[in-house]
Amino acid sequence: MEPFELIRSDTKAPQLGSWNADRNYTRSIVRPTNAEMTAIFNADQADRRAKNIDWSKVGPADDQRLARTKELLAEGALQSGDDFEHAAFVFQHGNKPDDFLQAHLLAMIAVARGKPGAIWIASATLDRYLRNIGRPQVLGTQYSLPKDAPVTQEPYDRTLIPDAMRKALHVPTLAEQEQKRQRMSERRSAEKKP
């Protein structure tokens with residue numbers, strides 16, 4: 001939220017309510033949510049919920065969604081926390097480090113505009129950005145499924161961020177991540193069996 005300064009007046013005008021001089025007050029800003037951005041986000045997520053994802057179709061659709069989202073941003077058409085959170089997910093599915101960095105910034109704007117749950121996508125986009133510039137992820141949100149190897153999160157610097165910070169960022173703890181990695185590996189092994 002963007003704070004603004006309130007000044008107490010000595011006027012005898014009717015009061016809007018009680019005033020506590022020791023409290024900080026913030027204004028509530030209502031920003032419209034862009035219906036087109038919501039539709040783009042819903043399509044992005046629907047493609048990823050399909051039972052058998054056809055990446056030969058999803059990839060080009062992702063490219064189109066990203067291009068249109070960039071246009072909406074350039075036009076100033078995105079205003080609400082929902083808009084910026086939705087845009088962060090679309091950029092997260094981009095192709096290059098700049099897309100992932102922009103996704104991170106969009107998620108931070110979403111948090112600032114009243115979407116605290118967007119802190120998770122902010123975390124995931126940071127990890128994806130780091131991995132794509134040749135650095136290890138630091139929160140553990142990114143899993144890789146190499147063709148003939150176990151599911152992995154590497155490269156991953158598990159020592160930089162304590163679990164208390166992971167929890168604050170809505171990211172599973174190291175132990176929870178390891179359980180998830182093992183479940184993913186088991187499910188993958190089961191799928192490969194004839």
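Visitor: Which residues have the most contacts inside the largest nonpolar core?

Guide: The model is a predicted one. Its largest nonpolar core has 21 residues. Those with the most contacts inside this core are Met-37, Leu-78, Leu-106 and Ile-121.

Visitor: Which element gives the most to this core?

Guide: Two or more residues come from each of α1 (35–49), α2 (55–74), α3 (81–92), α4 (97–112) and α5 (119–132). With six residues, the element that gives the most is α3.

Visitor: With which residues is Leu-78 in contact, leaving aside its neighbours within four places in sequence?

Guide: Leu-78 belongs to the residues with the most contacts inside the largest core. With those neighbours within four places set aside, its contacts are Asn-34, Met-37, Leu-72, Leu-73, Asp-83, Phe-84 and Ala-87.

Visitor: Is Ser-80 buried or exposed?

Guide: Ser-80 is found in the loop between α2 and α3. Not counting residues up to four places away in sequence, Ser-80 touches Arg-31, Pro-32 and Thr-33. Its relative accessibility is 5%, and buried means under 20%, so Ser-80 counts as buried.

Visitor: What is the orientation of α4 to α5?

Guide: The two helices α4 and α5 pack with their axes 8 Å apart, at an angle of about 160 degrees. Angles over 145 degrees count as roughly antiparallel. The orientation of α4 to α5 is therefore roughly antiparallel.

Visitor: How many nonpolar, polar and charged residues has the contact of α4 with α5?

Guide: Among the residues that make the contact are Phe-100 and His-104 of α4 and Ile-121 and Arg-128 of α5. By class, the contact has one charged, three polar and 12 nonpolar residues.

Key: Residues numbered from 1 in each chain as written. Predicted model: local features only at pLDDT ≥ 70, side-chain atom pairs only at ≥ 80, totals over all residues. Heavy atoms only, no water. Core = buried A, V, L, I, M, F, W, Y, C linked by side-chain atoms within 4.5 Å. Buried < 20%, exposed > 50% of the residue type's maximum accessible area, 1.4 Å probe, protein only. Helix = DSSP H or I, 4+ residues; strand = E, 2+ residues; numbered from the N terminus. Contact = heavy atoms within 4.5 Å. Axes fitted to C-alpha atoms, helices over the stretch in contact; angles between N-to-C directions. Parallel < 35°, antiparallel > 145°, perpendicular 65-115°, else oblique. Nonpolar A, V, L, I, M, F, W, Y, C, P; charged D, E, K, R; others polar.
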